[in-house]
Amino acid sequence: TMTRIANEKPANTLLPEKAARVDLPIEGMSCAGCAARIQSALRHTDGVLDVGVNFATGRATVTFDPAAKNVNQLRAVVDDLGYHALAPPDPNCRAER
């Protein structure tokens, strides 16, 4: 289940035409509190439009403005919290299908 935090401002619901979405595998989460912490940090990052972190699957799904942030910058936000955001799988790689 997605962790949503009470009293937290909602993410921007107006998605630009060129919004990008990425699923980041996250290592190091040990509880739903970890997921909430990561989600809050990403939600408050400039350029992030929506975010959901799923502790059960170990993934963060982030919708963002690629003109403001790139995937490596999003990964750095997670890494700065003491977790490790892996590069998303390459959709063109047959071994990952």
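How many bridges pair β1 and β3, and in which sense do they run? β1 and β3 pair over 6 bridges in the antiparallel sense; strands count as paired if DSSP finds at least two bridges between them. The views below start from that pairing.

This is a predicted model, in which local features need pLDDT of at least 70 and side-chain atom pairs count only at pLDDT 80 or more, while totals for chains, interfaces and linings use all residues. Residues are numbered from 1 along each chain as its sequence is written, and side-chain values use heavy atoms, with hydrogens and water left out.

**View 1. The whole chain, element by element.**
Welcome to the fold: the chain has 2 helices and 4 strands. Both kinds of element are DSSP runs numbered from the N terminus, with helices (H or I) of at least four residues and strands (E) of at least two. Starting at the N terminus, their order is β-α-β-β-α-β. Of the 97 residues in the chain, 36% are buried; here buried means under 20% relative accessible area, exposed means over 50%, and partly exposed is in between, with a 1.4 Å probe and protein chains only. Among contacts (heavy atoms within 4.5 Å) with a separation of 6 or more, 67% are between residues 24 or more positions apart.

**View 2**
Four strands form an open sheet in the order β2-β3-β1-β4, with antiparallel pairing. β2 and β4 (84-85) stand at the edges with a single partner strand each, so one side of each has no neighbour in the sheet. β4 is joined to β1 by 2 bridges, and this pair runs antiparallel. Look for E27, whose bridge partner in β4 is H84.

**View 2. The hairpin of β2 and β3.**
These two antiparallel strands are joined by 6 bridges. They form a hairpin with 4 residues between them, and G58 in the turn has a positive phi of about 70°. Within the pairing, V51 stands opposite V62 in β3. N54 lies in strand β2 and is buried, with a relative accessible area of 13%. A polar atom of the N54 side chain lies 2.9 Å from the backbone nitrogen of A56.

β3 is mostly covered, with 5 of its 6 residues buried. Which of its residues has a relative accessible area of 0%? That is V62, which is buried. Leaving aside neighbours within four places in sequence, V62 is in contact with residues including V22, L42, V51 and L74. T61, also in strand β3, is buried with a relative accessible area of 18%. D23 has T61 as its bridge partner in β3, and the side chains of T61 and D23 make a polar contact at 2.6 Å. A polar contact is a pair of N or O atoms within 3.5 Å; within protein, one must be able to donate a hydrogen and the other to accept it, and residues adjacent in sequence count only if both atoms are side-chain atoms. Along the chain, T61 and L24 are 37 residues apart, yet their C-alpha atoms are separated by 6.4 Å.

**View 3. The helices against the sheet.**
α2 lies across β1, β2, β3 and β4, and it runs at about 35° to β1. Such angles are taken between N-to-C directions and run from 0 to 180 degrees, using axes fitted to C-alpha atoms, for helices over the stretch in contact. In α1, the buried residues are C34, A35, A36, I38, Q39, L42 and R43. Those buried residues pack against β1, β2, β3 and α2. How far apart are the end C-alpha atoms of α1? They are 16 Å apart, which agrees with the 16 Å that its 12 residues should span at 1.5 Å a residue; the expected span is 1.5 Å times one less than the number of residues.

**View 4. The largest nonpolar core.**
This core has 19 residues, and those with the most contacts inside it are I26, M29, I38, L42, V62 and L74. A nonpolar core is a set of buried Ala, Val, Leu, Ile, Met, Phe, Trp, Tyr and Cys residues joined through side-chain atoms within 4.5 Å. Two or more residues each come from β1 (20-27), α1 (32-43), β2 (48-54), β3 (59-64) and α2 (71-80). The largest share, 4 residues, belongs to α1. Leaving aside neighbours within four places in sequence, I26 is in contact with residues including I38, A60, V78 and Y83.
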